[in-house]
Amino acid sequence: MTETVVTRFAPSPTGFLHIGGARTALFNWLFAKAQGGKMLLRIEDTDRARSTEAAIAAILDGLQWLGLDWDGEPTFQFARADRHREAVEQMLAAGRAYRCYASAEELEQMRATAQAEGRPPRYDGRWRDRPASEAPEGRAPAIRLKAPTEGETVIDDLVQGRVVIPNKDLDDLVLLRSDGTPTYMLAVVVDDHDMGVTHVIRGVDHLTNAARQTQIYEAMGWAVPKMAHIPLIHGPDGAKLSKRHGALGVEAYREMGFLPAALRNYLARLGWSHGDDEIFSTEQAVAWFDIGSVGRSAARFDLLKLQNLNGHYMRDTPDDELMAALKTALPHLPGGPDFSARLDASGRWEAFRLALPGLKERAKTLVELVDGARFLIDERPLAVEPAAAGLLTSDARDLLARLSERLSALEPWTAEGAEAVVRAVADDAGVKLGALAQPLRAALTGRKTSPGIFDVLVALGREESLGRIEDQASPPRAA
RNA sequence: GCUCCCAUCGUCUAGCGGUCUAGGACGUCGCCCUCUCACGGCGAAAACAGGGGUUCGAGUCCCCUUGGGAGCGCCA
């Protein structure tokens with residue numbers, strides 16, 4: 001009898017969905033799919049001061065963009081406060097928790113002396129066994145867990161292995177604050193239990209929390225779910241990648257023009273491997289994913305590799321699909337809306353479509369794709385980039401004039417036909433193809449680089465092409 | 001400071017005691033292709049942190065050192 005796997009992704013809505021969180025979500029999602037289980041979503045909004053609606057929206061949006069769907073409706077942790085308090089009552093009744101009347105100042109002092117004596121800063125348990133009759137007048141108590149003081153707490157982690165924490169290093173954590181609100185530590189345990197979570201997959205930064213939470217499970221008499229603490233992602237400089245250290249939200253990657261499938265592939269490859277496989281579909285990742293193949297060391301985020309991977313995905317995406325992907329991404333790309341509007345206005349979407357095969361070959365991101373297509377929306381007379389202007393020597397302009405004449409007679413207007421004409425003009429002039437192709441590129445695109453020049457001719461169409469060539473060609477010689 | 005975790009090319013990683021004179025990918029550097037830039041093809045440089053064990057045999061197991069990281073809140 002195997003139970004159905006239930007995982008959960010539990011972000012706190014205090015900011016966007018950063019890349020580390022996205023990978024945690026991905027691993028939860030992959031594992032659930034691989035096991036034929038479910039992934040639940042829980043918003044940990046118990047920190048009322050820092051939680052915002054905007055962050056919730058950003059997180060949901062980020063997950064959706066990445067294609068990581070969750071089962072059922074998201075659970076909002078704050079709404080479950082009553083249930084959390086109920087669990088505390090149970091622990092109180094069972095003698096596994098107690099009221100603590102220590103003031104903030106006392107706590108501060110405890111930490112200070114512990115530090116001074118070289119001990120880990122922790123609560124000294126002074127209210128563990130004191131009768132309520134000694135409670136100071138008018139002070140609301142916090143409820144603490146009566147944690148074991150001896151022995152050790154063991155975490156059998158699917159990734160980290162068997163991790164043993166001495167109980168003397170764990171203090172009596174607060175379950176309920178003096179204002180009656182539940183703490184994260186309590187809420188996580190109660191929610192994971194109530195939601196039927198079988199596998200907790202999260203970052204290693206929660207490893208010690210796992211020990212404390214294990215104690216709560218034991219105090220409640222509940223079975224501890226399987227745990228998998230995955231390594232963190234570091235920045236390119238090796239420093240930790242956190243919100244404070246330049247970590248970007250997933251929406252930033254959307255704005256950089258990455259495809260969700262490529263980002264998923266890249267993220268999956270960070271910390272998890274399936275032999276030497278580098279490029280694989282999400283279906284394959286689901287089929288192959290197993291927690292045992294997740295590594296234990298932190299990985300650095302390498303934007304260059306992501307770009308390379310994204311380039312692969314763009315090239316492998318059929319034109320129609322890529323076009324559709326671009327259209328949905330355009331509102332999020334820098335200059336995207338303008339690009340879109342200009343293509344609409346000039347009626348050149350078809351030209352874009354014609355140029356796409358050559359364009360996608362040269363772009364690693366959708367942003368580069370848009371940039372490469374700029375010549376399509378530019379209007380005559382073209383502003384020639386300085387680097388390309390050098391190509392338009394007077395000899396070159398003479399050649400363009402000859403080409404213009406011969407090209408205008410071309411029928412039908414095809415890449416093959418255009419190539420034949422261009423080659424013939426170059427031959428007749430006794431120059432290499434490049435001597436004509438490069439000036440032609442400058443005239444047609446205003447740049448030194450572009451897709452194959454014959455494809456550009458076709459994408460632009462006869463009228464526009466001839467116009468652009470004439471704009472740069474030498475004027476006809478007076479007779 | 002205390003507790004815990006980690007350690008193969010610059011980076012992501014394969015390797016689960018012998019098949020490792022350590023493989024793949026990104027990046028870098030050559031060459032080829034070529035109308036430019038890309039793509040693609042071919043090739044090169046590039047790593048088992050150090051020291052002790054265990055073993056017939058260690059990148060693979062154990063210990064120490066060093067170096068990274070995380071956690072130590074009435075934050076999550």
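The notes below take conventions, then domains, then the cavity, then a pocket.

I worked from a predicted model, in which local features need pLDDT of at least 70 and side-chain atom pairs count only at pLDDT 80 or more, while totals for chains, interfaces and linings use all residues. Residues are numbered from 1 along each chain as its sequence is written, chains are lettered from A and ligands numbered from 1 in written order, and side-chain values use heavy atoms, without hydrogens and water.

**Domains.** I found chain A divided into domain 1 (1-73 + 231-316), domain 2 (79-230) and domain 3 (386-472); the bounds come from an automatic or database domain assignment. The centres of domain 1 and domain 3, taken over C-alpha atoms, lie 47 Å apart.

**Cavity.** I searched the whole structure and noted 1 cavity of 30 Å³ or more (a set of points on a 1 Å grid over the protein atoms alone where a 1.4 Å probe fits but cannot get out; lining residues have an atom within 4 Å of a point). The largest cavity holds about 50 Å³, the volume being the space filled by probe spheres set on the points, which are joined across faces, edges and corners. Helix α8 (260-269) is among the elements that give two or more residues to this lining, and α8 gives the most, 4 residues.

I recorded a volume of about 200 Å³ for the second largest pocket (an open set with protein on both sides within 12 Å along at least five of seven lines). Of its 13 lining residues, Arg362, Glu368, Gly372, Arg447 and Thr449 are the closest to the centre.
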